[in-house]
Amino acid sequence: MIDGTRSRLIESALTLLREQGLEGVTLRAVGELAGLSRMAPYRHFADKKALLAAVAARVMTDIAAHIAAAVLPQSGQGERLRAFYRSYVEYAVEHPEEYRLVFSSMFVAGRHPEVEQAIDEIMSALSVDIAGGGRRDKAALAALLASAHGVAELVTVGDFAHKGIGADDIIDVMVSRAARP
């Protein structure tokens, strides 16, 4: 029952995050929404940050599934790369509160094991072995993630919309340049 209760609390926190933003997520509000006592979350999470780390890990798992669903059916490297970028940006646009939570500075990978594991799931979805990859492979992966994050940030804040440049325009340029020898 503990795992079920913990899952309910995480789902309730995710609902509050989507509806009210980060400010609306309090341990007491989460307990209330889950149909539990207002103090119940304190039996499962040390504090709000621990609850948010669990929510962030859940969101990372969702992002990994979203990316995998887009990338894995593609056959060529260019198509897979394009699908990766598009699905990454799409998730950020469709789930802005979750995206902001996951990439907030409070969840630096390595400090939160649940978030670290979720990041590894994204790498697995992309068929990347980060444990066995060399330094250059890891750097290439970091560049891929950094560029996807950059495009997502630019699109979500609307920096290029007023100039008639969309995410697909940026992605097409990045993919075509990556394909050059």
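1. The crossing of helices H3 and H4 is right-handed, a term that applies when the near helix is turned clockwise from the far one by less than a right angle, anticlockwise being left-handed. The axes of H3 (residues 48-71) and H4 (residues 77-94) come within 8 Å and cross at roughly 145°, where axes are lines fitted to C-alpha atoms, for helices over the stretch in contact, and angles run from 0 to 180 degrees between N-to-C directions. On the H3 side the contact, meaning heavy atoms within 4.5 Å, is made by Val-59, Asp-62, Ile-63, His-66, Ile-67, Ala-70 and Val-71; on the H4 side it is made by Arg-80, Ala-83, Phe-84, Ser-87, Tyr-88, Glu-90 and Tyr-91. By class, this contact has nine nonpolar, two polar and three charged residues, with Ala, Val, Leu, Ile, Met, Phe, Trp, Tyr, Cys and Pro counted as nonpolar, Asp, Glu, Lys and Arg as charged, and the others, Gly among them, as polar.

2. On provenance, this is a predicted model, in which local features need pLDDT of at least 70 and side-chain atom pairs count only at pLDDT 80 or more, whereas totals for chains, interfaces and linings use all residues. Residues are numbered from 1 along each chain as its sequence is written, and side-chain values use heavy atoms, with hydrogens and water left out.

3. As to the fold, the chain has eight helices and zero strands, these being DSSP runs numbered from the N terminus (H or I, at least four residues, for helices; E, at least two, for strands). Among contacts between residues at least 6 apart in sequence, 65% join residues at least 24 apart.

4. Of the 181 residues of the chain, 35% count as buried, that is, under 20% relative accessible area, with exposed meaning over 50% and partly exposed in between (1.4 Å probe, protein chains only). The chain exposes about 10100 Å², of which carbon and sulfur atoms supply 54%; accessible areas come from the Shrake-Rupley method with a 1.4 Å probe, and for residues only the protein chains shown count as cover.

5. Ser-12 lies in helix H1 (residues 2-20) and is buried, with a relative accessible area of 7%. Leaving aside residues up to four places away in sequence, Ser-12 touches Val-30, Leu-33 and Ala-34.

6. A search of the whole structure finds eight salt bridges, each being a side-chain nitrogen of Lys or Arg within 4 Å of a carboxyl oxygen of Asp or Glu. One of them joins Arg-18 and Glu-98, the closest N and O atoms being 2.5 Å apart, and this pair links distant parts of the chain, with Arg-18 in helix H1 and Glu-98 in helix H5 (residues 96-102), 80 residues apart. Arg-18 is partly exposed, at 44% relative accessible area, whereas Glu-98 is buried, at 2%.

7. Within helix H3, Asp-62 forms a salt bridge with Arg-58, the closest N and O atoms being 3.2 Å apart, and the two residues lie four apart, about one turn of the helix. Arg-58 counts as partly exposed, at 24% relative accessibility.

8. Arg-86 and Asp-168 meet in a salt bridge (2.7 Å, N to O) that links distant parts of the chain, from helix H4 to helix H8 (residues 167-178), 82 residues apart. Arg-86 is partly exposed, with a relative accessible area of 36%, and Asp-168 is likewise partly exposed, at 39%. Salt bridges that share partners join Arg-82, Arg-86, Asp-168 and Asp-172 into one network.
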